[in-house]
Amino acid sequence: MTTTGTGRPPVEGLRERKKRAMRRQLSDTAARMFLERGFDAVRVADVGEACGVSEKTVFNYFPSKEALLLDRLEATADALRTHLPDPALTPADAMLTVLDGERDGLAKGLAADANADRALARYRKFGDLIRSTPSLRAYQSDIADRFVDIAAEALATRTGQRPDDPEPQIAAATLLGLWRVQFRALRTHVRPGHPLPDAIEAVSREVRRAARLAEAGLAAFPAPAEPR
């Protein structure tokens with residue numbers, strides 16, 4: 001989005017900055033409390049109390065308790081909408097751009113902690129929490145399904161097809177398979193005692209191996225529609 005007539009992004013107002021700061025505070029506080037006490041042992045009201053707001057206010061920002069922990073995945077949805085319609089990129093390259101951004105953001109966040117092993121241990125504990133909590137696993141699966149729908153819509157805009165046509169549907173499912181590959185590779189390689197740059201590079205190699213296979217199948221995906 002740009003300011004009309006200037007080509008510059010709009011200036012974020014004070015109200016928007018406050019809302020974004022509160023959203024971040026709620027999410028960060030919830031993550032810390034869930035990791036310390038367990039997901040089921042913490043109520044949404046507890047998160048609100050720790051941040052000085054009501055339970056209703058928390059739900060004004062997040063649709064569910066699970067969203068408090070996994071809200072950062074919304075950035076991936078935005079990236080899918082941005083890059084997959086780009087006719088200058090093949091579908092596989094567009095998805096790699098999305099995954100590179102997601103991976104780089106994680107690496108920067110982990111590297112910001114002066115104690116590398118502490119940061120990596122916290123990341124592992126975060127993954128363990130998701131894996132051990134059925135409602136979080138179900139929510140993550142729902143998000144993955146929503147990502148496929150978003151990707152199909154984005155890909156359909158490239159070709160003038162409908163999102164529910166077979167080609168955008170299978171292409172979207174294939175590309176989101178790369179997201180799952182990255183998620184599992186991060187789990188394998190990002191761990192205490194393993195230098196973070198080496199881990200991130202190992203993840204990148206695995207994702208690109210999978211992408212080469214996906215790209216071979218996507219070679220038959222329809223070319224971008226000619227502008228009218």
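**Buried, exposed and in between**

Modeller: Let's start with Arg-162, which counts as exposed at 52% relative accessibility. Before going on: this is a predicted model, where local features need pLDDT of at least 70, side-chain atom pairs count only at pLDDT 80 or more, and totals for chains, interfaces and linings use all residues. Residues are numbered from 1 along each chain as its sequence is written, and side-chain values use heavy atoms, with hydrogens and water left out.

Colleague: Why does Arg-162 count as exposed?

Modeller: The label exposed needs over 50% relative accessible area, while buried is under 20% and partly exposed lies in between (1.4 Å probe, protein chains only). Arg-162 has 52%, so exposed it is.

Colleague: Where is Arg-162, and what does it touch?

Modeller: Its place is in the loop between α8 and α9. Not counting residues up to four places away in sequence, Arg-162 touches Ala-156 and Pro-168, where contact means heavy atoms within 4.5 Å. Its C-alpha is separated by 34 Å from that of Pro-134, 28 residues apart along the chain.

Colleague: And why is Thr-29 called buried?

Modeller: Its relative accessible area is 9%, and the limit is under 20%, so Thr-29 is buried. Thr-29 lies in helix α1 and is in contact with Ala-50 and Cys-51, leaving aside neighbours within four places in sequence.

Colleague: What makes Gly-127 buried?

Modeller: The same test: 15% relative accessibility is under 20%, so Gly-127 counts as buried. Gly-127 is found in helix α7.

Colleague: Is His-189 buried or exposed, and how do you know?

Modeller: Buried, because its relative accessible area is 13%, and the limit is under 20%. His-189 is found in helix α9.

Colleague: How many helices and strands does the protein chain have?

Modeller: There are 10 helices and 0 strands. Both are DSSP runs, numbered from the N terminus: helices are H or I with at least four residues, strands E with at least two.

Colleague: What makes something a pocket here?

Modeller: On a 1 Å grid over the protein atoms alone, a pocket is an open set of points with protein on both sides within 12 Å along at least five of seven lines, whereas in a cavity a 1.4 Å probe fits but cannot get out. Lining residues have an atom within 4 Å of a point. The largest pocket has 45 of them, with Leu-69, Arg-72, Leu-106, Tyr-123 and Phe-126 nearest its centre.

Colleague: Which element gives the most to that lining?

Modeller: That's α1, with 9 residues. The lining of the largest pocket divides into 19 nonpolar, 8 polar and 18 charged residues. Asp, Glu, Lys and Arg count as charged; Ala, Val, Leu, Ile, Met, Phe, Trp, Tyr, Cys and Pro as nonpolar; and the others, Gly among them, as polar.
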